[in-house]
Structures are given as C-alpha cells and as structure tokens.
Amino acid sequence: MAAKTHRTAAPPAVLSTRALNRATLDRQLLLRRSPMSAKDAVTHLVGLQAQNTKPPYFQLYARLADFDPEELSALMESREAVRTVSLRSTLHTHTADDALTLVPLVRAPRDRELRSFRRGLEGVDLDRLAAVTEEFVEERPRPLGELREELLTHWPDADPLALSSAARCLLPLVQVTPRGLWGRSGQVALTTVEHWLGRFAEPASALTLDATVRRYLGAFGPASVMDFQSWAGLTRTKEVFERLRPGLLTFRDERGVELFDLPDAPRPDPDTPAPPRFLPEFDNVLLGHADRTRAIPEANKGRNGKGKQTYGSMLVDGFLDALWRVDREGGTAILTVQALRKTTRAERTEITEEAARMLTVMTDATDHDVRFGTFLDFDD
C-alpha cells in the first residue's frame with residue numbers, strides 16, 4: 001500500500017526592497033499623480049503628517065494632478081479637515097470623519113505620553129482636569145498660554161507644562177483656523193474636535209482596528225505587524241492581523257519578516273519608473289513603517305536634517321536620495337537640491353523640470369532658479 005503524501009503550503013513569495021518601494025509608492029500616489037480630490041486623498045492616505053503648517057500642502061502637490069493649495073485650505077476653513085494630534089501622538093491633518101472616529105481609536109500613544117508627565121501632576125484629578133479643559137476651550141478656542149494659566153488657577157502647585165500636555169492627551173483637541181490655512185497664519189488656538197465640527201461620531205461609523213489595518217495596508221502595504229504598530233503608535237495588534245489573515249495575502253521581505261497585504265492591492269513591477277518627487281520635511285511615506293528601508297536607503301538613514309533642523313526630502317528613483325530647500329531673493333525663489341548620491345544627467349534633468357513645476361504652483365515667486373549644491377555638511 002502506497003504511503004500517504006502530505007501537501008505542504010508553498011512558502012510565501014519574497015518581495016525585494018525595490019518591489020516594496022514600488023508597491024508603497026503606487027499606493028501613496030507617488031508613481032503617478034492622481035486625479036482624486038484633496039479630500040479623497042487625505043482619506044485614502046489616512047491623514048497627512050502636519051507638525052508644521054505647510055507639509056500637508058506639499059504632500060498633496062507631490063501626489064495629485066492639478067493640485068491647488070487653496071483646495072486643502074478650503075477644506076480646513078469649511079471644517080471638512082482639521083489639524084489634530086493622532087497617530088504616534090503627533091499632529092496630522094485628517095478629514096472631519098477621521099478626526100471623530102480614527103483619533104479616539106489611536107489614543108494609546110497619548111496615554112503613554114500622559115504617564116510621562118505624572119510627576120508634574122501629583123494631586124491632580126485627571127477627570128476634573130479634562131472637564132475643566134473642555135468647558136474652557138469650548139467657551140471659545142484658547143491659545144495654549146491661556147489654557148495653561150486657567151489650569152494653574154485650579155492646580156497652582158502642578159507643573160504648568162504637565163497640565164497643558166495632560167489636557168492635550170486627555171481630550172481630542174483641534175488647532176482651529178486660521179492656523180494651517182494656505183498663505184495665512186495664526187497662533188495655535190485649541191478647542192475640542194466635537195465642538196469645532198458641531199457633531200459627534202455616529203455609533204455605526206466608528207472605526208475598528210480591523211478596518212484601520214485594512215486602510216493602512218491600502219495606503220502603506222505590504223507591511224508587517226510592527227510596521228502598522230510603528231505607524232499607529234499602538235502595541236499588541238498581532239491578534240488583529242491573525243483575525244484578518246484568511247482574507248489577506250502574505251509575503252516575506254528579504255530579511256524574512258512576514259508581510260501582509262490586501263489581495264487586490266497593486267504590486268507593480270520593481271522596474272516601474274518612479275519620477276522625482278519633492279516631499280516636505282515630514283511625510284508619512286518616510287515615517288509609516290518600522291523598517292523604512294523601502295523608502296530610505298541605509299546610507300541615508302537620519303540624513304534629512306541635522307540637529308533640530310529638518311529639510312525637504314526628495315525621492316529619486318523612488319528612494320530618499322536628495323534634500324532640498326527654497327530661499328528667496330526678492331521675487332526669485334531659489335531651490336537648491338543637495339544630492340545624497342551621484343545622480344545621472346537624465347535624473348538631474350527630471351529633477352529640474354519637476355522643481356520648476358513645483359515652484360510655479362507652491363510659491364508666489366515671479367522668477368525661479370534651480371541649483372544643485374550643498375547646504376548641509378554632515379561632517380561638522
């Protein structure tokens with residue numbers, strides 16, 4: 001009698017770093033500019049990194065066809081998009097819907113930050129702190145200094161920084177306009193997201209971690225459990241991936257790490273051309289994974305700035321291989337590109353053409369000058 005044979009599942013396919021790069025760029029709308037609206041793009045990308053006010057605009061310029069910065073500015077002004085602390089306890093621009101549903105889901109990083117201020121909060125009732133803050137900022141949006149002074153009247157012996165930081169961690173607060181509007185400015189003033197939007201999240205619209213993982217994979221995949229956790233600032237989400245596993249594809253990267261992906265998500269040929277893209281100093285394509293080598297070569301790790309100064313990041317052939325900055329001399333915008341590797345003549349031509357387009361849309365300068373040079377010395 002013949003011995004029984006057992007079929008074993010084929011090992012997952014291995015995706016090279018370049019294959020991961022092209023897959024992520026495609027989902028990040030960086031292989032070709034998308035015709036989608038600014039609002040749809042902010043939704044698809046699950047928010048835009050927004051520590052500073054201009055990066056969200058440059059992120060959308062790099063990704064959308066015929067982008068006009070006023071389109072995002074109008075979303076902010078009409079309260080269809082807001083600036084709020086969310087993923088990784090950092091400022092992001094989100095749609096109003098995501099501000100109501102996603103932000104509460106990723107509260108864990110804010111809770112960890114709150115614990116780091118516990119010494120300065122001795123004797124402070126956190127529930128009362130939240131209630132006092134809510135009432136104060138909903139009376140009218142408050143600058144951070146005013147909020148801190150108000151909280152000190154209730155807890156004069158507490159650390160002022162700890163009080164205001166705790167308030168930000170305890171409540172979902174938004175930075176109200178005109179802060180964040182294109183071509184305008186304003187000091188940081190805070191109120192609660194529900195008060196600013198004039199509505200609460202509908203119970204049926206609340207996001208789940210399962211849905212968030214799927215959205216993440218749609219914008220950042222293929223990705224590992226650790227990639228998702230690094231992006232969201234969460235921990236212990238492996239069981240979510242296990243629950244979703246039957247409906248996902250699995251791969252391995254070149255280091256053997258398991259990657260998950262949506263079955264119908266694009267995974268382009270690794271040799272697909274990737275045009276140069278000028279990204280701001282903060283962009284989630286560079287920050288959205290635990291292993292960032294799919295976008296940042298090991299040789300360029302940590303080289304998009306020096307000390308507290310961060311510069312624009314440039315993708316050349318899909319990878320962070322150059323920095324950029326813009327200076328003004330009268331009516332002329334001078335864009336300097338500092339390559340981090342030797343570029344070809346064809347690459348420099350593409351970079352110059354893309355730079356001219358960006359300066360036309362993203363500055364009010366009447367003249368433009370694109371230069372290749374050095375403005376950051378890593379040897380100092």
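**Salt bridges and a helix contact**

Reply: Start with Asp227, which forms a salt bridge with Arg294; the closest N and O atoms are 3.6 Å apart. Bear in mind that this is a predicted model.

Me: Where do Asp227 and Arg294 sit in the chain?

Reply: Asp227 is in helix 12 (residues 225-232). Arg294 is in the loop between helix 14 (284-287) and strand 11 (305-306). The pair links distant parts of the chain, 67 residues apart.

Me: Is Asp227 buried or exposed? And Arg294, buried or exposed?

Reply: Asp227 has 3% relative accessibility, so it counts as buried. Arg294 is buried too, with a relative accessible area of 5%. The cut-off for buried is under 20%.

Me: Which residues do salt bridges with shared partners join into one network?

Reply: Arg18, Arg22, Asp271 and Asp317.

Me: How many salt bridges does the structure hold?

Reply: The structure holds 29. One of the salt bridges pairs Arg27 with Asp261, where the closest N and O atoms are 2.6 Å apart.

Me: What does the Arg27 and Asp261 pair tie together?

Reply: Arg27 lies in helix 1 (residues 17-27), and Asp261 lies in strand 9 (residues 258-261). The pair therefore ties together parts that are 234 residues apart in sequence. Both Arg27 and Asp261 are buried.

Me: Now Arg142. Which residue does Arg142 form a salt bridge with?

Reply: Glu146. The closest N and O atoms of Arg142 and Glu146 are 3.3 Å apart.

Me: Change of topic: helix packing. At what angle do the axes of helix 8 and helix 9 cross?

Reply: Roughly 110 degrees. The axes of helix 8 (residues 144-154) and helix 9 (residues 160-170) come within 9 Å. Angles of 65 to 115 degrees count as roughly perpendicular, so helix 8 and helix 9 are roughly perpendicular to each other.

Me: Which residues of helix 8 and helix 9 meet?

Reply: From helix 8, Leu144, Leu147, Arg148, Leu151 and Leu152. They meet Pro160, Leu161, Leu163, Ser164 and Ala167 in helix 9.

Me: How do the residues of that contact divide into nonpolar, polar and charged?

Reply: The contact of helix 8 with helix 9 has eight nonpolar residues, one polar and one charged.

Technical notes: Residues are numbered from 1 along each chain as its sequence is written. This is a predicted model: local features need pLDDT of at least 70, side-chain atom pairs count only at pLDDT 80 or more; totals for chains, interfaces and linings use all residues. Side-chain values use heavy atoms; hydrogens and water are left out. A salt bridge is a side-chain nitrogen of Lys or Arg within 4 Å of a carboxyl oxygen of Asp or Glu. Helices (H or I, at least four residues) and strands (E, at least two) are DSSP runs, numbered from the N terminus. Buried means under 20% relative accessible area, exposed over 50%, partly exposed in between (1.4 Å probe, protein chains only). Axes are lines fitted to C-alpha atoms, for helices over the stretch in contact, and angles run from 0 to 180 degrees between N-to-C directions. Angles under 35 degrees count as roughly parallel, over 145 as roughly antiparallel, 65 to 115 as roughly perpendicular and the rest as oblique. Contact means heavy atoms within 4.5 Å. Ala, Val, Leu, Ile, Met, Phe, Trp, Tyr, Cys and Pro count as nonpolar, Asp, Glu, Lys and Arg as charged, and the others, Gly among them, as polar.
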